[in-house]
Amino acid sequence: MQSPVYIAIIDDEALFREGISNLLNAYSQFKVIYSFPSGQDLLDKLETASQFPDILILDLKMKPLDGIETTKIIRRQYPESKIIILSSYYSPSFINYMVRLGINAFLPKNTNPKELIFAIDMVYDKGLYFTKEYAEAFRIQNLQMPKKPRFKNTEGITKRELEILKLICHGYTNQQVAEKTDRSIRTIEGHRQHLLDKTGTKNTAGLVVFALMHELVNVDKQLLDYTISPSW
């Protein structure tokens, strides 16, 4: 991980923002550059910001623009942004909804500080992090849901793109995928863009969730890849 990782914290509780800022700034690899009470303040700042944050940490319950609407706008205007939701509203069904909007992680506000640090590292390095509880809920939900036909190549994804998608799901960067497949980075970027267009997703997190939902990768193994963590 390069240093520092620039972070923005958006939460309507001033004491909470200050506490998270102090926690993260105590680590040399992190630097909190923005702290705002609402999503609208963040969006206003990003229009003229000289430094764009690597990771956005959002609450959900804010006014005048809450975390859900902020996420939707961020995904449209800044699709490569990495978003971590840190909220008291924590349930598997709601997390599923937010993940499909394109967030990179969803943690409850009572998360252990060590797990928050770990989650930020995972999101920055691999693009996605599931808590153990959510990964288990996702796995059980996947087992219980009626099986849908697998997404077929005839629907648009080529054999080469499927290979690229699987490598993306394993956390490889465009450069690493290019090296692994002996192709130029521009070619890999083209394949990745085609995958985003064909799946209707906005970013790496969306591609991973799409692959999981359509069983294009091993669900149990892939969830493990994004939830491996030390004991807190």
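D182 lies in the loop between helix 8 (174–181) and helix 9 (185–199). This is a predicted model, so local features such as this one are read only where pLDDT is at least 70. The backbone at D182 deserves a look. Its phi is near 60°, a positive value in a residue other than glycine. Most residues other than glycine have a negative phi, and most peptide bonds are trans. Is D182 buried or exposed? D182 is exposed, because its relative accessible area of 71% is over the 50% cut-off.

Just after helix 7 comes G171, with a positive phi of about 90°. D182 also has a positive phi, but D182 is not a glycine.

A further backbone feature sits at P64. The peptide bond that leads from K63 into P64 is cis. Its omega is near 5°. Where is P64 found? P64 belongs to the loop between strand 3 (55–58) and helix 3 (67–77).

Now turn to a pair of helices. Helix 1 spans residues 14–25, and helix 5 spans residues 113–126. Their axes come within 11 Å and cross at roughly 70°. That angle falls in the range from 65 to 115 degrees, so helix 1 is roughly perpendicular to helix 5. The crossing of the two is right-handed.

Which residues meet at this crossing? Helix 1 brings I20, L23 and L24. Helix 5 brings P113, L116, I117 and I120. By class, the contact of helix 1 with helix 5 has seven nonpolar residues, with no polar and no charged ones.

Finally, take the chain as a whole. Its secondary structure comes to eleven helices and five strands. The chain has 232 residues, and 48% of them count as buried. Next, consider contacts between residues at least 6 apart in sequence. Of these, 67% join residues at least 24 apart. The chain exposes about 11600 Å². Carbon and sulfur atoms supply 51% of that area.

Notes: Residues are numbered from 1 along each chain as its sequence is written. This is a predicted model: local features need pLDDT of at least 70, side-chain atom pairs count only at pLDDT 80 or more; totals for chains, interfaces and linings use all residues. Side-chain values use heavy atoms; hydrogens and water are left out. Helices (H or I, at least four residues) and strands (E, at least two) are DSSP runs, numbered from the N terminus. Buried means under 20% relative accessible area, exposed over 50%, partly exposed in between (1.4 Å probe, protein chains only). Axes are lines fitted to C-alpha atoms, for helices over the stretch in contact, and angles run from 0 to 180 degrees between N-to-C directions. Angles under 35 degrees count as roughly parallel, over 145 as roughly antiparallel, 65 to 115 as roughly perpendicular and the rest as oblique. A crossing is left-handed if the near helix is turned anticlockwise from the far one by less than a right angle, and right-handed if clockwise. Contact means heavy atoms within 4.5 Å. Ala, Val, Leu, Ile, Met, Phe, Trp, Tyr, Cys and Pro count as nonpolar, Asp, Glu, Lys and Arg as charged, and the others, Gly among them, as polar. Accessible areas come from the Shrake-Rupley method with a 1.4 Å probe; for residues, only the protein chains shown count as cover.
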